[in-house]
Amino acid sequence: MGTLVLTRETGGLRHYLEGEPVHAGVTLELQLRDGTWLPGRYEASRHGDELWAWFFTGITRESLRLNQASILRWPA
């Protein structure tokens with residue numbers, strides 16, 4: 001459980017979670033305010049010199065832009 005860490009690599013920017021690289025399309029779980037976990041799919045998009053992380057849920061088909069305070073974990 002932790003937050004996304006943005007790292008600059010030879011090939012560009014990449015998010016890491018708990019020391020592991022996060023790849024597009026991977027399933028992660030987002031902790032909601034009430035403490036429950038919501039599974040969803042990670043995607044990223046580049047905006048200038050920033051890499052934005054997105055969380056797509058199958059429930060609402062909506063996307064949430066993740067920020068540095070978003071608590072995530074790998075599924076069990």
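The model is predicted, so local features need pLDDT of at least 70 and side-chain atom pairs count only at pLDDT 80 or more, while totals for chains, interfaces and linings use all residues. Residues are numbered from 1 along each chain as its sequence is written, and side-chain values use heavy atoms, with hydrogens and water left out.

**Sheet and hairpins**

- An open sheet of 5 strands has the order E7-E6-E5-E4-E8 with antiparallel pairing, and its edge strands, E7 and E8 (72–73), each pair on one side only.
- Strands here are DSSP runs of E with at least two residues, numbered from the N terminus, and two strands pair if DSSP finds at least two bridges between them.
- Strand E4 (residues 27–31) runs antiparallel to strand E5 (residues 37–47) and is joined to E5 by 5 bridges; Leu28 has Gly40 of E5 as its bridge partner, and Thr27 stands opposite Arg41 in E5.
- The hairpin of E4 and E5 has 5 residues between the strands, and in this hairpin Gly35 takes a positive phi near 95 degrees.
- E5 and E6 also run antiparallel, joined by 7 bridges, and the bridge partner of Arg46 in E6 is Leu51.
- In the hairpin of E5 and E6, with 2 residues between the strands, Gly48 takes a positive phi near 65 degrees.

**Largest pocket**

- The largest pocket has a volume of about 250 Å³, a volume being the space filled by probe spheres set on grid points that are joined across faces, edges and corners.
- On a 1 Å grid over the protein atoms alone, a pocket is an open set of points where a 1.4 Å probe fits, with protein on both sides within 12 Å along at least five of seven lines, and lining residues have an atom within 4 Å of a point.
- The lining of the largest pocket includes Leu4, His15, Trp52 and Arg65; E6 and E7 each supply at least two of its residues, and E6 gives the most, with 4 residues.

**Charges over rings**

- Arg65 lies over the face of Trp52, at 3.7 Å from the ring centre, and the charged end of Arg41 sits over the ring of Phe56, 4.9 Å from its centre.
- A charge sits over a ring if NZ of Lys or CZ of Arg is within 6 Å of the ring centre and within 35 degrees of the ring normal.

- Leu64 is found in strand E7 (residues 63–66) and counts as partly exposed because its relative accessibility is 36%, where buried means under 20% relative accessible area, exposed over 50% and partly exposed in between (1.4 Å probe, protein chains only).
- Leaving aside neighbours within four places in sequence, Leu64 is in contact (heavy atoms within 4.5 Å) with Leu30, Ala53, Trp54 and Phe55.
- From C-alpha to C-alpha, Leu64 and Arg33 are 14 Å apart in space, and they are 31 residues apart in sequence.
- Thr57 lies in the loop between strand E6 (50–56) and E7, is buried with a relative accessible area of 9%, and touches Leu38, Pro39 and Glu62, not counting residues up to four places away in sequence.
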